[in-house]
Amino acid sequence: MEERRRVGYYVHREVLDEGKVDQLAEKSDVKVPFSEKIRESVRCSGPRLKSCMLSSVPVLSWLPRYSLRDNAIGDLISGISVGIMHLPQGMAYALLAAVPPVFGLYSSFYPILIYFIFGSSKHISVGTYAVMSVMIGGVTERLAPDTNFMMYVNATNQSMVDVLARDTERVKVAAAVTFLSGLFQMLLGLVQFGFVVTYLSEPLVRGYTTGAAIHVIVSQLKYTFGISPKRHSGSFALIFTVIEVCYLLPETNIGTLVVSLVSIIGLIMVKELNTYLGKKLPVPIPVELLGIIIATVISWQVNLEGKYGVEVVGEIPSGLQPPVMPTASLFGKVIGDAFALSVVGYGIAISLGRIFALKYGYKVDSNQELIALGLSNSIGGVFQCFAISCSMSRTMVQESTGGKTQVASALSAMVILVIMLWIGALFEELPKAVLAAIIYVNLNGMMKQFMDIPTLWKSNKVDMLVWVATLTLTVLFNPDMGLAASIAFSMLTVIFRTQLPKYSLLGQVPETDIYRPVENYNQVNEIPGVVIFRSSATLYFANAEMYQDALAEKSGIDITKLISQKKKAEAKRLRKEKKEARKAKKDAKKNAQEWEGEPDSSENEVENGVATVEEGSKPDSTLPRAIILELSPVNFLDTVGVKTLRNIQRDYGDIGVEVVLCGCQTGVIENLESGGFFSEKVSKACLFSSIHDAVLHCQTDRAKINKDDEEVQATHF
């Protein structure tokens, strides 16, 4: 094996520049016109129509081939398990969205059925999600605050909130922003804008979800302590809310606090038991379902609301809501929030979908996911649901209990349907503090993401900075503003990294055609008389000037000073020539008058008196003969980048240093051609496909120059 690894190779060929490579490889200049591309994209045929139909409605492609023997049992168990989780989570996350709990059940039913038809992921569980719910809650409480629904009660001479009117208005707001976010997602999917998720890097998403989880926790403190803090909006709202909660702590309802603590401790203990017995249990213990059942029974038997003032869920209407078009007048007020919801919901769903697609060997269509989520949200908005996304906890349960297709999600929706039609009213006595406890415990995974900080510190400090900055911005601002600021910050880190690349001089690994940075290797030697310069980033307007400065620094050539000296010497030479020419002309005229009868003699004198110009001085031996710009990291050149390379070649050429390029990608060569880099004096002969070709070219030219110098010296002798 060792001998096979050390097998060498030998290639004998001439040095090839890009022009010769184009001829040798017969480069094709055929380009498809834009009109032809458009015509091809809209051309319709039977197979193409079928493919488009199956990709737009994925259920038509996989459901006819559904295997009952292989998938039915796993999907059935998984669907029931996830449906049981939907009940407590839907009701709990409805509190985050500031709408009645039953609307959380609606959001766990309609969107799931739509995603079952149009979604391309087999394993993710869509439905209510904490981050999305808290973003919805920020919108509903901003546009429908308690202060807008205060009414005066004559019997008590006090003002109180008209809860029914407030909740009705908040449902309208939630439905409007959900419907609009769905339209945004569908529009982005139709224009093939699925790549937008690439701007949401993993550190950004994890930092953002951690920051949003903190917003979720703070929003639920009022249910944990049984207090009623005022709602704050805008920047630093979370800090103001925490301060007010601390101020209201003396007014804590002891009964509510006890219910919260007991619920949290019980949920944590059973979840830890689930983890400990995970491999032994065929199905995880439905801890949330058991929790709300036990809490509901105790609340009903003890009358927690009447005796201890513990706030309960209240009326849960049976049946389904009729479709109602969202209030269009609200669209203008929620357009920014809707776009943020569309991006966040899609980013979380596609990230999780790709994880399971990679694990199980299938592909998730990012644009189809946008359309599926958009339809789920827009149709859900018509049925008064709030925005949904993918839940990590439910998805893990769906996958671990044997779910293999979206049939499991459809079955979980059927479980919710049964609950809404016949069982929902049984949970009217459920304390809201228990729902808040369920939210806290389910955020355990997001809180563990703080461990990303030491991991990223060791692996990539810039990613750690993005994580911390995203968390900070999300906590200080609202989640929607925090997302925008975080994306902007992430983009700035990319720009700064391209503005501050690593510049290196390359040398040759002995007896090979391999070149490496001389500062990183001890056995790498620079080529005498040749400077090989590389930048680790692309060359464009933001770093073009720094590229030139780094080249001057690394090569040790003060190009500005040398050009200035050359211009001064040239100007001095021209002045001397003009002066000598005038003197020669004057002397010739004088001699012509004095020696009018001897033309041959005067002609000789004039000839002898005229100054001759030397062919040129020998190049400075301290300067390199050639500079090779290694451009393999460059993936595009803008007009400033092309101009920079043209100026480098001209300026260094003026002082006798040849500049050649190597490692150019096809797109970069096209940029050079369209940017006017080539001319009558500059051809593709200065472009080489490899560093070694460029080095051999420069060494050949140097040997030729030395030979010419020797011939000139021999001629003089």
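**Strands 9 and 10**

I started with strand 9, residues 658-662, in this predicted model. Two bridges join strand 9 to strand 10, and the two run parallel. I looked for a facing pair and found L661 opposite L687 of strand 10.

**S181**

I moved to helix 10 (residues 163-190), where S181 has its place. Is S181 buried or exposed? Its relative accessible area is 1%, under the 20% cut-off, so I logged S181 as buried.

The S181 side chain reaches the backbone oxygen of T178 at 2.8 Å. Leaving out residues up to four places away in sequence, I listed the residues that S181 touches: A338, L341, S342, N377 and A387.

**Helix 15**

I tested the length of helix 15, residues 287-302. It has 16 residues, so at 1.5 Å a residue the span should be 22 Å. The end C-alpha atoms are 22 Å apart, which agrees.

Which residues of helix 15 are buried? I wrote down V287, E288, L289, I292, A295, T296 and S299. I kept the helical repeat in mind: with 3.6 residues a turn, residues three or four places apart point the same way.

I followed the buried residues of helix 15 to their neighbours. They pack against helix 6 (68-96), helix 14 (254-276), helix 16 (304-308) and helix 21 (432-442). After helix 15 comes N303, and I noted its positive phi, near 60°.

**Confidence**

Last, I went through the pLDDT. The protein chain averages 85, and 91% of the residues score at least 70. Where is confidence lowest in the protein chain, and where highest? Helix 28 (residues 599-609) is lowest, with a mean of 44, while helix 8 (residues 110-118) is highest, at 96.

I marked two stretches with pLDDT below 50. Residues 601-617 form one of them, and this stretch has seven contacts in the model beyond near neighbours in sequence. Residues 707-717 form another, with two such contacts.

How values were computed. Residues numbered from 1 in each chain as written. Predicted model: local features only at pLDDT ≥ 70, side-chain atom pairs only at ≥ 80, totals over all residues. Heavy atoms only, no water. Pairing = 2+ DSSP bridges. Helix = DSSP H or I, 4+ residues; strand = E, 2+ residues; numbered from the N terminus. Buried < 20%, exposed > 50% of the residue type's maximum accessible area, 1.4 Å probe, protein only. Polar contact = N/O pair within 3.5 Å; in protein donor to acceptor, adjacent residues only side chain to side chain. Contact = heavy atoms within 4.5 Å. Expected span 1.5 Å × (residues − 1). pLDDT = per-residue confidence, 0-100.
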